[in-house]
Amino acid sequence: MAQSHSRLVPDHDVRAARHGKYKLDELDPTRIAKHLVSFQPNEQVIIDILATARLSIPGIAETEEALKVVRFNPFCVMALARKSKYDPAAPVAEGFVASLPGNFQRHEPRSAAAG
């Protein structure tokens, strides 16, 4: 009996060859933005979205480390959801944007002669 070729799995890693559906530089941000809502997630939403993201983003930060950052500066993570699915009473994130801002203090080494 013949096997279907569509069911055969290649030996190499499929993720390495996978490309996105859309080219980011060709998307119209105003068209996309009108269908999204951004909100400040609570800790449970962050735990849930990181667990989901971990399935497709290798090497993503550990959940406890991300929570430490958010506890220090809640604006480092913003959650995203489709406007049509968003419920302010029980928000569920479908994506997120995370940033780790640097500080503006300059740490220059002191010379031995400087007092």
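Predicted model: local features only at pLDDT ≥ 70, side-chain atom pairs only at ≥ 80, totals over all residues.
## The overall layout

Let's start with the chain as a whole. Its secondary structure comes to 4 helices and 3 strands, and from the N terminus on these elements follow the order α-α-β-α-α-β-β. Of the 115 residues in the protein chain, buried ones make up 16%. Sequence separation is worth a look too: among the contacts between residues at least 6 apart in sequence, 57% join residues at least 24 apart.

## Salt bridges

Side chains of opposite charge can pair when their charged atoms come close. In this model the count comes to 4 salt bridges.

| Salt bridge | N to O distance |
|---|---|
| Glu 43 and Arg 71 | 2.8 Å |
| Arg 71 and Glu 64 | 2.9 Å |
| Glu 94 and Arg 82 | 2.7 Å |

Which residues are linked in a network of salt bridges? They are Glu 43, Glu 64 and Arg 71. Arg 71 takes part in the bridge to Glu 43 and also in the one to Glu 64.

The salt bridge between Glu 43 and Arg 71 has its closest N and O atoms 2.8 Å apart. This pair links distant parts of the chain, with Glu 43 in helix H3 and Arg 71 in helix H4, 28 residues apart. How accessible are the members of the network? Glu 43 is partly exposed at 36% relative accessibility, Arg 71 is partly exposed at 46%, and Glu 64 is partly exposed with a relative accessible area of 42%.

Leaving aside residues up to four places away in sequence, Glu 43 touches Leu 67 and Arg 71. Pro 74 is 31 residues from Glu 43 in sequence, and their C-alpha atoms are 9.9 Å apart in space.

Now for the bridge elsewhere in the chain. The side chains of Glu 94 and Arg 82 meet in a salt bridge at 2.7 Å, N to O. Glu 94 sits in the loop between E2 and E3 while Arg 82 belongs to strand E2, so this pair ties together parts that are 12 residues apart in sequence. Glu 94 is partly exposed at 38% relative accessibility, and Arg 82 is partly exposed as well, with a relative accessible area of 42%.

## The aromatic pair

A pair of aromatic rings is described by the distance of the centres and the angle of the planes. Here the count comes to 1 aromatic pair. Its members are Phe 39 and Tyr 86, with 5.2 Å from centre to centre and 40° between the planes, which is a tilted arrangement. Why does the pair tie together parts that are 47 residues apart in sequence? Phe 39 lies in strand E1 (residues 36–39), whereas Tyr 86 lies in the loop between strand E2 (77–82) and strand E3 (95–98), so the pair spans that separation.

Are the two residues buried or exposed? Phe 39 is buried, with a relative accessible area of 6%. Tyr 86 is partly exposed, at a relative accessible area of 25%.

## The largest pocket

About 220 Å³ of space lies in the largest pocket. Its lining consists of 15 residues, and those nearest the centre of the pocket are Ala 61, Ala 66, Val 69, Val 77 and Ala 98. Helix H3 (43–54), helix H4 (63–72) and E3 are the elements that give two or more residues to this lining. Which element gives the largest share of the lining? That is H4, with 4 residues.

Ser 99 is found in the segment after E3, and it is partly exposed, with a relative accessible area of 43%. Ser 99 and Met 78 are 21 residues apart in sequence, and their C-alpha atoms are 9.0 Å apart in space.

Methods:
Residues numbered from 1 in each chain as written. Heavy atoms only, no water. Phe/Tyr/Trp six-rings, centres within 6.5 Å; stacked < 30°, edge-to-face > 60°. Buried < 20%, exposed > 50% of the residue type's maximum accessible area, 1.4 Å probe, protein only. 1 Å grid on protein atoms, 1.4 Å probe; cavity = no way out; pocket = protein on both sides within 12 Å on 5 of 7 lines; lining within 4 Å. Points joined across faces, edges and corners; volume = space filled by probe spheres on them. Contact = heavy atoms within 4.5 Å.
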